[in-house]
Amino acid sequence: MKAAWAARGLQQAWQRHASASLQPVTWENCPAVYRSAAAFSSALPQIWAAQPQLAEDDPEPAQRDPTSEPGHQYERAANAPTSPLDFNNPEVAFNAKSTFQLVRSLAVLRACQIQPLVKHADQLLGLSNRILGQTLTNYIVRKTFFNHFCAGEDQKSVQPTLQWLHSNGVGGILDYAAEDDTKPDPAKEREQKSLAQNSSDQVVARRFDYETEAQCDRHMEAFKRSIAAAADAPGQGFAAIKVTALGNPKLLERVSGALVALQNLFSQFDMDMNNKITRDEFSQVYRDLFVDQDSERTEHLFDQLSDGSGSIDFLGWSQGVRLQDLPGIVKHCKSPGPLFLSALTDEEMELLHNMMDRLDHIAKFAVESKVRLMVDAEHSYFQPAIDHAATELQRKYNRDEPHILNTYQCYLKDSRDRIGVDTERAQREGWKFGAKLVRGAYMFMENERAKQKGFPSPVWPSKQDTHDNYDRIVETLLPMVQDEGAEMMIASHNQVSIERAVALVQRHGMDPSASGIFFGQLLGMADHLTFVLGQNGFRAYKYVPFGPIGDVMPYLVRRAQENSSLLGGVANEKAMMRAEIWRRLRPSSALPTSSSSALQKNQSAGAAAAAAQ
């Protein structure tokens, strides 16, 4: 089975990196890919002994060629099916936007490529506030970057943009982007600067800093505002949340470390590395590790975890024991090893409970509001805890339909294996799988951190490897969407991947307007993809941030920094914008009568949305 194959590869990788050290397992001292795959075992109440994971240099299965698998129909990029849609016609791609919007978009995208401007954005804004005053500075930002990347300041002001998007066949993914103006940690700032030093590829990812439980409660209410705004918009609404906004980031690191230690224990029990723990293996390892030598109790524990086949597999094990059981389990350890030292304290368990309560409150509100909730991916040292939390929500709320979607970063080498395990987990436990697929926003930081810490990078070594992995995952999940009610958000600005996905949807005979396939791009970027998809009946979405301009300012700076390297790849989009602007402005650009009415209608709606901003 696919989960057994994936877990076996992860176990083999971890075995090569296992250490006899007694220091607690943290995200810093465990193998690289294993860390991102630790989320792997992040099934709700988690293992009191679990291990596996995938190492960067593991050729089986991390770099296994899927085309070598019997019956696999994956076509390489060179033979990829051709998309029936034309994403390269400027007139069609931008007919939803007014000329003013096009000129502003082109100017903003060009400005975001000016590295000194992006790099020193915080200082320049501060200087502008001192010289021009905050009111004039905010006005300039509002008329440029804010109106380009954001939809408005509150739930009411975003509605014109959402209505305009809807009129062009595009939905909105709402994100309340305001950030508390908290004082940064100087140590963290020094670390980030050292990571980014002398790099033109810097990517700074937004992350909420933790202050108090009250602050986390405020973030929860902010996310509910996103959900409420999405519910008010026409069509299927989406909202995005970040788990680091709802709990102490240090807690998430600790939980991730505990999950790694639990997975390590699974590998110790699985002595022959076949992803199956026999009764004899269980009894032998249990005697070696724990002081409790009661054979009757050992037999009882095995029977509880066994699937009835006389053995325990990875999924059965990960489902069988809750994470909160770990403190009680380690009390029986013969010696204080990594598992013992990674157990959460009572205070940490209370904080974890509070965080899960907030997540559950948000998820329940989203389900009641008929809004899909997407749990964003973050740094690899948070990801196991985030995946664990997302799986708990999916178990509870995805019984009938996939209300909760977890995010997978396909630049991570273990992403396909993790998805294989998670899809089989959903099938076995009887809930609907939901995924948002992204390439990833933390590549530079992940590589630099791995280099500094001395472990292999969790990221694929080349962009093409990431592209191939992304396309492979899309193709793998399509049948599950078609046959089992799963849903997938293809969140990508890569035109080749979008064209390939569109062709595969058509090849499978799926109705693009009614399937569980969604496409997503950022507001203000990749319009030639989003609007062409929407105009042709595909379920296309824009990621729509909003919030008070003063509070959103840090977000806008981070958005420019996150996308400064990405913007280097939009030369084609900018060329299309210039061509369309020139076509409209030159004297001989009269439009054919057959298309002028619809075009003018869309441009008028776009102008109204811009005026409302």
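## Getting started

A residue is called buried when its relative accessible area is under 20%, exposed when that area is over 50%, and partly exposed in between (1.4 Å probe, protein chains only). The model you see here is predicted, so local features need pLDDT of at least 70, side-chain atom pairs count only at pLDDT 80 or more, and totals for chains, interfaces and linings use all residues. Residues are numbered from 1 along each chain as its sequence is written, and side-chain values use heavy atoms, with hydrogens and water left out.

Helices (H or I, at least four residues) and strands (E, at least two) are DSSP runs, numbered from the N terminus.

## An enclosed strand and its neighbours

Let's begin with strand E2, residues 237-241. Because 5 of its 5 residues are buried, E2 is largely enclosed by the rest of the structure. Gly 237, Ala 239 and Ile 241 point one way from the strand, while Phe 238 and Ala 240 point the other way.

Which strands pair with E2? Strands count as paired if DSSP finds at least two bridges between them. Strand E1 (residues 170-176) runs parallel to E2 and is joined to it by 2 bridges. Strand E5 (residues 371-375) also runs parallel to E2, with 5 bridges between them.

Helix H4 covers residues 99-111 and has 13 residues. The expected span of a helix is 1.5 Å times one less than its number of residues. For H4 this gives 18 Å, and its end C-alpha atoms are 18 Å apart, which agrees. An α-helix has 3.6 residues a turn, so residues three or four places apart point the same way.

Now turn to helix H23, residues 527-535. With 8 of its 9 residues buried, H23 is largely enclosed by the rest of the structure. Among the buried ones are Asp 527, His 528, Phe 531 and Val 532. Just after H23 comes Gly 537, with a positive phi of about 90°.

## A nonpolar patch on the surface

Where can you find nonpolar residues on the surface? Ile 114, Leu 117, Leu 124, Leu 127, Ile 131, Leu 132, Leu 136, Tyr 139 and Ile 140 form a patch there, with about 800 Å² of accessible area together. Nonpolar patches join side chains of Val, Leu, Ile, Met, Phe, Trp or Tyr within 5 Å, using residues with over 30% relative accessible area and no salt bridge. A salt bridge is a side-chain nitrogen of Lys or Arg within 4 Å of a carboxyl oxygen of Asp or Glu. Accessible areas come from the Shrake-Rupley method with a 1.4 Å probe.

Helix H6 (121-131) and helix H7 (134-149) each supply at least two residues of the patch. Ile 114 sits in the loop between H4 and helix H5 (115-119), and it counts as partly exposed because its relative accessibility is 45%.

## Positive phi in two loops

Met 273 is not a glycine, yet it has a positive phi of about 60°. Its loop lies between helix H11 (249-269) and strand E3 (276-278). Is Met 273 buried or exposed? Met 273 counts as buried, at 13% relative accessibility.

Lys 370, also a residue other than glycine, has a positive phi near 60°. Lys 370 belongs to the loop between helix H17 (346-368) and E5, and it is exposed, with a relative accessible area of 66%.

Definitions and conventions:
Patches are made of residues with over 30% relative accessible area and no salt bridge: like charges are joined within 9 Å, nonpolar side chains (Val, Leu, Ile, Met, Phe, Trp, Tyr) within 5 Å.
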